[in-house]
Structures are given as C-alpha cells and as structure tokens.
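Work through the following exercises with the model at hand, and try each task before you read its solution.

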Amino acid sequence: MTRTREPESKSKTSSPSSSSTGMKLIVPLQGVVQGRGGILLGSLIPCALFYFFQLYLKKRRRSNDKHPSSNPPSPSSSFPELPRTPSRSNLSSRGSLTGVRLSRLATTISDDDSAYYVGLNRASRDPYHKLTNPDGIIQLGLSDNTLSLDLIGDWMRKWGSGGDDGLSINGIATYQAFDGVDELKLALSDFMHQVMGGSVHFDTSNMVLTAGATPAIEILSFCLADHGNAFLVPTPYYPGFDRDVRWRPGVDLIPVHCRSADNFNLSMTALEQAYSQARKRGVKVRGILVSNPSNPVGNMLTQDMLYNLIDFAEDKNIHLIVDEVFAGSTYGSEKFVSIAEILESDSEYIDKRRIHIIYGLSKDLALAGFRVGVIYSFNKNVLATARKLCRFSSISAPTQRLVTSMLSDKKFIQDYFETNRNRMRQVHHEFVDALSKLGIKCAKSSGGMFCWADMSGLIKPYSEKGELELWEKFMSIAKINITPGSACHCIEPGWFRICFTTMSLEEIPLVIERIRRVVEVCKSSS
Amino acid sequence: MRVIVPLQGVVQGKGGLFWGSVIPCALFYFFQLYFKNRRHHHRSPPPPPPPPPPPHHSPDPEPPGSDKLHPHHVQVLPRSLSRILLSPRSPAGPAYVSGRATSVARISADSPYYVGLRKAAEDPYHEVHNPHGVIQLGLAHNTLSQDLVHDWIHQNGTTAILGRGIAPYQPLDGFMELKLAVAGFMPQVMEKPIFFSPSQMVLTAGATSAIDILSFCLADHGNSFLVPTPHSPSFDGDIKWRSDIEIVAVPCRSTDNFNLSITALDRAFNQAKKRGQKVRGIIITNPSNPVGKLLDRETLLDIVDFAREKNIHIVSNETFAGSACGSKEFVSMVEILEAEELDRDRVHIIYSLSNELSVPDFKVGVLYSYNENVLVAARRMAKFSALSAPTQQLLISILSDTRFVQKFIEINRLRLRKMYNTFVAELKQLGIECTSSSGGFYCWANMSKLLRSYGEKGELELWDRLLNVAKINVTPGSSCHCIEPGWFRFCFTTLSEKDVSVVMERIRRISAATKSES
C-alpha cells in the first residue's frame, strides 16, 4: 500500500495539465483513478463503460438489420374502411397500420423473376394454336416431351375401357407410408433397370418416392446440407435448380463453368478450382450436383468422368448427387452410363453412402403431370430423413395405382421407348439441320430434350445484355419462347436452350421460319 | 497486486487517463473474445466432419490420353487396381449429413406418437388373419365412408380419370376446374352459402404440405407460432422439422372444457415476447383436434382482434370442417371475413379435401388465403408438393356429380355421429369419460384413473401397456402437448362397428388389471 501513496502525490501535480487538454469530460473518473480505490476502480470503470458501449453498438446494428425486412411487403393491405362494430372500432386503429409481415423467404420468392419463368408465363398466357391462335407464342422453353403422348393416351384409354379398375383396390385402411407403396416401388425398380442399361438392379429399400423430381431434389438438399452450405454445379445447368436448392433448403449453388471449347464437358480442374475457391471464401461445400444426360446441353458424363467425380467426392468427403431424369431420353451415339452401374460393378471400393440418384417419370415417360419422382440413395440416414420429409410431397393413391399398372405392362413400355427414341432422333436431326442452314450451330448432344444453340453471332453487344435483348426479340418478333443461356448460368453469352420435343415434324418449318425472321432483323441492323 | 503494477505506473504516469482507460478496455476486449471463442468450441457439433485426408494426387489425374489409346483396357483392368490403392483413404468417415436431417431423424424416432403408428403398421389387427394384432386408433383419417367413393369410382369406371385426356403443361398449384369444383363443394360440406373464390386457392399434396408452405411464407427460422394445446401431434413435424419454427403452447384446461381463452393467448404471447421470441402467428384448429371443440363466432372475432392488435397472422386449420355434427353451429373463418369488412390480409385457411371425401390417401389439401403476397409465394412453392393430374381429374369428376356428393355428405355425417356415440357410450360403461365433442374424428378421453402415477411418466406407462399388452395404439395426451396427464386421443373413424367391441374388451382388461392392483 505504500507504493500507492507515493504516485498519488505525483499524479496530483499532473492533473491540472491533463484536464486542460480537453479531458474535462472524464474528470470525475480521474478523481477515482487517482483516489484510494486506485487500480481496481480505475480498471473496472472503463471496462464497464466499454462493455456498455459495445452493447449499445450491437443493439443498434441489430435494429438496423431488421428495418428493411419489417417494411410492409404488401402495399395492397388496405386499411379496414368500415369499423365492424363500435366496440371493435377503437382497436382497428392500432396494429394493422403497417400491414402484417411475411417471412423473408416469401418476399424473396415473390421477387424471384428469372427470364426462364417470365418466358414460361408469357407463353402460357398467349399460347400458339394452329387454328385458334396462329399468332400466339410457341412454347419451346419447357422440358416436356409430347412426341409420344399419343401412345400414353392410347394405353390409358385401353386400360380404362378394359374394366380392370385398378383404382378401387382397397388397401388403405392401415397406416399409409408417405414414401410410396411397395408395388409402385417394385414396378419402378424394374422400369429403371430397363432404362438404365439393363445391367443394374435397383433395390426397392433404397427408394423414396416423391411427388415429382423437383421435391426429390429439394428433400435431398435438406438432408445433405445445412443453411448456407453449398453444392458445386457444373454450368450451364437446369434453371429450376436455383429454386429447388436455394429457396427453402437455403443451400447455395457454386457454378463450375464449362465452356464451348470443350463442348461444355466438365473438367476436373475447373471443379477443383471452384472447390478450393469456395473453401477460401469460407463456404462449406457439401456436395456436387450434376445432371446426366446434362440439361441443357445434352451431353453425357463418360464412365471415366463418373469415376473422377466419385474420386473427387471421396477425396473431399462430400456427396455426389446425380440427376438422371433424362436417362431414357437418349438418341445419340454416346452411350449413357448410369452411376448406379458403376456402383454395382465396382461396389467394393466405393463408399456408396455419399452417392444419391434422382429419377422421375416426367421426362422419360412423358408423364409430367403425374408427379412421380424417385430418390435412390445408399445412405440409411438420408433415406430415413427423406421418408419423414416425404409427408410434404407424397404421391396420391390413384396416381400410384395408375402408374403401377402402366409400368407393369412390359410390352407397352418396350414399344414406347422404341417409338419415342426414333421420333426424338428424327425431330432432333431435322431441327438441328434446319438451324444450321440458318447459320446457327448447336452443341453436340445425345440425350435430353434440348438443342443448345449458339446464337452469339446474332447478339450485340456480346454480353448478357445482348443475349436478353435477342431473347426479347424472339418473344416479340418471332413469338417463340426459348431459354436464354444466362438463365442456365452459362458463362458465355449467346447460347439458347430450345426444347425440340414439344414440336412435331410438321411444325419444324414454322418454327424455323419464325427464327429466320429474327436472324434477318439482326443481320439487317448490323 | 504485483501483476498490475506496471499498469499502475502507466496510469499515473504522463499518459495518465488516456492509457489508463485504453489498456483495461483492450484487455477486457480480448478477454471477451477469448470467452466467445471458447464458447463456440463448446457449442459446435461434436466432431466436425473429419478433415479430408491429404489428397493423394499420384493416381488421381487419370491420364486422359491413356484411355484414348486403349479404351477397353482402361475400363476394366487398371481401374480396379488403382481403386484398391485408393480405397484406404476413402473411409475418412461417412460424408456429412446435414444437422437438420439428423435432428428430424432423432426427434421422430422416439416420440410415442410415431412409435405407436409404426408398431401398429407392422402388426395390424385383422379380424381373421391377425386377431392378436395391434388395433390402430392413432391415425387422423376417416375411412367410414370410403366405400361410397370407391363404389362411385367402380361404377364410373376409370374413364373418370382420363377426363379431357392428358395435357403436357399444367399449373402446379392445381387445375382451375378443380378449384372451381372445390369452391362449389365446400359450401355444401358446411351447409351454408359461403362464397369461395377459386383465385384465392392453392391446391397442394395434402393439408400437411399446405401448413408447411404457410409456415415458410409467414415466419422466418426461429420465429414462433402460438398454438392452443392440446394440439394435433403431427404439428410438431409439420411446423418444426423443416421450416424450423417454434411452437408456443397456449394451454387449455379440462376445467374450461379445453376451450380457448383470449387471456391465455395474451399471456402466452407476452411470455414468449419476454423470452425474446418473435411470434408471427397463431394456428387455430376448428373443429379442434384432438378435443373436437368448435370455435364460436364471438371467439373467432376475438381471435381476429387479438391478431390485429399484435399484428400477427391467423392460420385457421379447418381440415375437419365436414365432420362438425354436434348441436353447435360450425362457423368458418371464411364466413366471418365475408360477412364483415375486416383486415383480411392476415388470415389463411387450410382445408383437406381428402378428409372431407373420406379418402385420406388421395392427399389433397387446399390453402385458402386473402393475402395476395402469400398466394404468389405459395403458388411458386406448390411445385414442391404438386398434385398429380390423374388425381385432380378424378376429383373433378367426383365433385361434379352433385347428386353423389349430396348423398355422400349426408351418409358420412350420419355414420360419423353414430360411431362417435357408440364409442363414447361404450367408454363410459368402462368408467372412462370423454369431453363432449362436436366434430373431428376423435374421442378425447380422460383415463387419469387408470394411471399408476399421476404424471407424464404414468401416462406413458399406460400408453405402453395399451400398446403392448392390450394391443391398441392410441395417442397419449403428452404427444398432443396437453398439460394435464391422463388424457388420450382415440381415432374412431378407421374402425368398423365390430372392431369397437374388440377395442372395449381390450381396454377393459387393462382397466381391470389396474383396479386389482390398487
């Protein structure tokens, strides 16, 4: 204690000088510091002050964050005009002033307007019809296949008139599994066996059925990644992924750019690069999401590439999701290899638990409205959770029964695939041919329902802006809706996705004629 | 005090006040930082996914030229060899499964509600084939009049499903024709001329999905909804699992006959607010599940006022609307909003077409909202739980047969009432009282006399005896978050009349055993 006494006198002499240098505010503090309490209070008080200062800053920051979102998202929320009853009228003046708040997600979702969806909407409002609306918009932005719809229709009529009403089988009284009835799973496993090359056996216990492939992707995203984690996705990719993976699961998509110089094939270097860049940014990458055959380009992953992807996933300890919804819609020279085939042939050395397959009937069987999707996974935890989450997107019973009987008709399925493949090949050939006569080249493709067409010669400036301008011209001048590459996150501007399976052979000249109009407008203006 | 001595020197030296304040502050700041870091470490999930082993790049970059040279060899032989080399590094531990997936799997694994459902599904009772199986009284289905619908389908043949044929591109939030049909059907069900606007509807794959979509639309992660308890045991799954929203219980008690009071609502709201929770809405079920109470006009108006005062949403779950058949009048939220010019933007209603038509496995839900923004978002989210075209087609055909619909509603109501009366009377003979119910598919029975110990433990013990000894699966009150122990939910709408006596016999055994003990 003697030590404290001595400096006290020293500081007393120095105090006038320090107070004169504008420290008046802290003068009371000074007294404390140099008083008896000395060191203890001298440390405690600034600490406390500092702490409260921090607290204050924190609070301010938080309330700032809140402000933009608490804005009423609904300008339409009209103030109640007529007070309901006298007793309640005094209440109405409070509370409802700002309108009720929606979640951030709902606001994001209503604002999300990519050209892909804008185009779909515009085309569906003014659809082309040969007789009733010849000037309407031709819809080439979907991924539907109507080439062989007649076959499905015929089958349904036959089935309907056969009196074999599979619908009223009464198997309902007990607890209904949300993830699909076993009969349908069995039928699907046979069907997938047939579609994916006939060498793979699909185990029904690894299947979860959902109302379409869209919820299948969403549910997998929920299972494999947490909010703010990310998947690697080779671009250009299916524009719907943005909604399926980003919206509700909150998982980010990191593009892995593929280029026209490689015919948009995936390169492992690009994948590695994207991965390490994401890691550097502090993003947790949980998986790779690829489609095979790819949408929109239509090329396939080779067996080697699939092995590389598996190695990559193992190396980084991440998942591999393969979207094979176009597995049966192939027409080209390349052979489709399902990842399931690789897992079966090389099962000993691969950790299957990280591999998940998505399949659906909308594309291969042209049953878009039926909403039947499949998650095929080897991961017991993922399957268990997916089964639980299926409660939000289960397939209704009549549909399950209808599809079961359709898939069990082996002969029909066989015929369907043969005819469908021939028709697709023919239309694709004709269409690509006609496009090339207009000077528009398409990427080489062997599967899927799209031509991936290079129109970079027609855009000015060479950028996304030019691309969207050209897209607008297709909409307004040619009245056809196609998907601009930017909606597919293609890194090179000027590519367009054209769905060729919604037009018949007879309609090709009409579509080509309309495209020619745009080509001429572009040429004349330059 | 030696440690701070150097500091002292500084404080009283020339730098004086300035250093004397800055240095402790800095020290304190680092101290806080240190604590924060430590806490983070503690909280982070047990082992972060094992770091990927050092990448062995040697065998990896498959020489791309080589497979061009010998395409066949590469595919078969060298592959498998290199794979053996690779294999030891792959078992770096299983790939990470998301935290939310793990929690979903864990929660539902041990809740008695799901355990019971599973057990009953694995060993279902059948009069002839499996007389010792478990009788299922834990569902939320009505299959009493299922036969009528199936007969209809049988008569009209499968042509009903084909309808206008198959069109390739359809709206994902339901066909307009079906929405129109629903708008015509709902007033029939409620036996009141209420106007439903098809443009305010979004059709989803089941009412569950409708609740899910609404939760996503109305609240952010970690926000909460007020829900009067006892509530449907499946709400936990519908609201918490995926949309990650908290449920704030608003307890109703047997002394009030489990009726909702605004005071309780207010108290729950204030308590939640004090805890820092953001309450975004209130979910009411009318007729209530499990108790079967109807909310009268005055209560509904009070709830609307309450919501307006707090500026929160109202989700009115009216999935049992068609089963209301007591002496009281069922009042729909729609009726109230149509009758008076109120602040409608905050009201969202859920119906279940499959419940009304007694075909649970059709899974058709209706989201009916007055908020344009919610409708826009919900229509877009409908792609994740869209209805299939054949089902919609079939429903359009069924609903447009007005004669059938009329007859169906009548018979279904009669059967429900009859079954309810029988079941309650039989339970009463066993000394088990039920609350009086005016709707829904349930009896809410007070079995507290049979508890060995009065508490949740005793309740679960009784549930376990009912499931494993008596072989009936019922839903314990604790799964419905009832605050009083000893209440059980019996779903009587999946039983046939013959089954009732079997159920009663089985309960009698348990009750006799309990009585002889005491």
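**Exercise 1.** In this predicted model, find which residues touch the most other members of the largest nonpolar core.

*Solution.* Start with the core itself, which holds 110 residues, and look for the members that touch the most others: these are Phe431(A), Met455(A), Leu470(A), Phe474(A), Ile482(A), Ile498(A) and Ile515(A). Next, take Leu470(A) and leave out residues up to four places away in sequence; what remains in touch with Leu470(A) is Met455(A), Leu458(A), Ile459(A), Phe496(A), Val518(A) and Cys522(A). Finally, note that another core, of 79 residues, lies apart from this one, and that Ile152(A), Phe264(A), Leu301(A) and Leu365(A) are among its members.

**Exercise 2.** Determine in what order the seven strands of the open sheet in chain B are arranged, and which strands form its edges.

*Solution.* Reading across the sheet gives β2-β8-β7-β6-β5-β3-β4, with mixed pairing. The edges are β2 (201-204) and β4 (246-251) of chain B, since each pairs on one side only. Strand β3 (residues 224-229) of chain B pairs with β4(B) in the parallel sense over six bridges, and Pro228(B) stands opposite Val250(B) in β4(B). Helix α12 (residues 262-274) of chain B packs on the sheet, where it touches β3, β4 and β5 (279-285) of chain B.

**Exercise 3.** Describe how domain 1 and domain 2 of chain B meet.

*Solution.* First locate the parts: domain 1 of chain B covers 103-144 + 414-517, and domain 2 covers 162-406. Then turn to the contact, in which 30 residues of domain 1 of chain B face 28 residues of domain 2 of chain B. The area buried between these domains of chain B is about 2,600 Å², of which carbon and sulfur atoms give 61%.

Note on methods. Residues numbered from 1 in each chain as written. Chains lettered and ligands numbered in written order. Predicted model: local features only at pLDDT ≥ 70, side-chain atom pairs only at ≥ 80, totals over all residues. Heavy atoms only, no water. Core = buried A, V, L, I, M, F, W, Y, C linked by side-chain atoms within 4.5 Å. Buried < 20%, exposed > 50% of the residue type's maximum accessible area, 1.4 Å probe, protein only. Contact = heavy atoms within 4.5 Å. Pairing = 2+ DSSP bridges. Helix = DSSP H or I, 4+ residues; strand = E, 2+ residues; numbered from the N terminus. Axes fitted to C-alpha atoms, helices over the stretch in contact; angles between N-to-C directions. Domains from an automatic or database assignment. Buried area = accessible area lost by both parts, 1.4 Å probe.
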